[in-house]
Amino acid sequence: MESNANIRTWTPTTFILLFFIMAGGAVILYRLIFGLGATTDLSDSYPWGFWLGLDVLGGVAMAAGGFIIACAVYIFNWTKYRPIVRPAILTAFLGYLMAVVAICLDIGHPFRIWHPMFMWQYHSVMWVVAMHVIFYTTTLALEFSPMLFERLGWEKARKAVGRVMVGAVIFGVMLSTLHQSSLGAVYLIAESKMSPLWWDTKLPFQFLVSAVAMGLAMVSLETMLSRKFLGHEVDKEIFYGLARGTLIVLSFYLLLKLYQLFVVAGVGLAFDGSLEANMYLLEMLVGVVIPVALLAMKSVRTNINRIFSINLMVIIGVLLNRLNVGLFSMETYFSSQGMSYSPTWMEFLVSIGIISLGIFLYKMSAKHLPLFSH
């Protein structure tokens, strides 16, 4: 097949993306040579920071749309969503690759990232998370491969993958479900450090439900953007269906959060004026309450521009949740211990570089691969 001539490679946006990729790459090289202490504000007392909250927890949540749409198309045969299944899988694949890069940078010895594959620790939730990342990234690569095989003209390889696609999707759904929840399970060990506004035994389930909501919003958003900038024409009913799905999932998530607020934390904790309280209210208003209220109106659910804004709010809200769980929920504890953490400019630059790389690879895939052939 030929490359998509309607997508221009060298545009001002591409040059901006490449600038941030190179700048972020330079900082990554500096971090690999001189270590975490030279590039971040992390320490042995405050070991998890911005990269883990945004790039790992946030990146994995963004990728949830891949298993949702793949499940809808390949398992439930909802052909309505077939035009967006390949972009959704690509977004998930890139999201996990970004998370893998962030994990490599965030651990003390990046070149030991392969250890979990051979040094099994059955009782460690961190080992479980690592194996889920390895297995699901491999599964996403398999689901992504038909696009590459079509581009190369390897028809036999494409047909071979097609015969196992349903099994791969089922395996991927199982893995992604476990992985999204296991990321929340990691924080169950921090009961004495985290605010009750976030810590709860149901945190793994909350991580899974919020990731599904973000996945639906992310697929809808990237489809809107590719529709506008990359010429990917899709039926508007797809956006309306995704908006209804987001409403259902977010409503359930709101009930979970309200139960935790009233039964576990106490309403007063959300209004005591502390940093944790303010971040909690911001997360809930931006990412849950306002989107649910707006999506409940049919006139909003059937308006593309309004759905676009709501998608942004949901994505920002879930990212805030991951940053709150990873950082702000422990602010009182660390302050009482005389410890503090503020991300350095290099941490921000690396994150911007990783996100820019994901956008650049998506654009190049849209130009050179049959991404929209469905």
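**Loops, pockets and a cavity**

User: Where does Asn77 sit, between which two helices?

Analyst: This is a predicted model, where local features need pLDDT of at least 70, side-chain atom pairs count only at pLDDT 80 or more, and totals for chains, interfaces and linings use all residues. Residues are numbered from 1 along each chain as its sequence is written, and side-chain values use heavy atoms, with hydrogens and water left out. Helices here are DSSP runs (H or I, at least four residues), numbered from the N terminus. Asn77 is in the loop between α4 (64–75) and α5 (85–106).

User: What is the phi of Asn77 near?

Analyst: Asn77 isn't a glycine, yet its phi is positive. The angle is near 60°.

User: How much space lies in the largest pocket?

Analyst: On a 1 Å grid over the protein atoms alone, a pocket is an open set of points with protein on both sides within 12 Å along at least five of seven lines, while a cavity is a set where a 1.4 Å probe fits but cannot get out. Grid points are joined across faces, edges and corners, and a volume is the space filled by probe spheres set on the points. For the largest pocket that gives about 980 Å³.

User: Which residues lining the largest pocket are closest to its centre?

Analyst: Lining residues have an atom within 4 Å of a point. The largest pocket, with about 980 Å³ of space, has 31 of them, and the closest to its centre are Met218, Leu225, Gly358, Ile359 and Tyr362.

User: How many charged residues are in the lining of the largest pocket?

Analyst: Ala, Val, Leu, Ile, Met, Phe, Trp, Tyr, Cys and Pro count as nonpolar, Asp, Glu, Lys and Arg as charged, and the others, Gly among them, as polar. The lining of the largest pocket splits into 18 nonpolar, nine polar and, for the charged class, four.

User: Which helix gives the most to the lining of the second largest pocket?

Analyst: This pocket holds about 790 Å³ of space, and of its 31 lining residues the closest to the centre are Ile103, Ile107, Ile113, Met126 and Ala130. By class, its lining has 22 nonpolar, seven polar and two charged residues. Helices giving at least two residues include α3 (50–62) and α8 (155–186), but the top giver, with seven residues, is α7.

User: Which element has the largest share of the lining of the largest cavity?

Analyst: The count comes to one cavity of 30 Å³ or more, and the largest cavity has a volume of about 60 Å³. Among its lining residues are Ser210, Tyr253, Glu283 and Arg322. Two or more residues each come from α9, α10 (236–265), α11 (275–295) and α13. The largest share, four residues, comes from α13.

User: Is Arg86 buried or exposed, and which side chain does Arg86 meet in a polar contact?

Analyst: Buried means under 20% relative accessible area, exposed over 50%, partly exposed in between (1.4 Å probe, protein chains only). Arg86, in α5, has 7% relative accessibility, so Arg86 counts as buried. A polar contact is a pair of N or O atoms within 3.5 Å; within protein, one must be able to donate a hydrogen and the other to accept it, and residues adjacent in sequence count only if both atoms are side-chain atoms. At 2.6 Å, the partner side chain is Glu150.

User: Which residues does Val289 touch, leaving out those up to four places away in sequence?

Analyst: Val289 is in α11 and is partly exposed, at 35% relative accessible area. Contact means heavy atoms within 4.5 Å. With that sequence limit, Val289 touches Leu254 and Met284.
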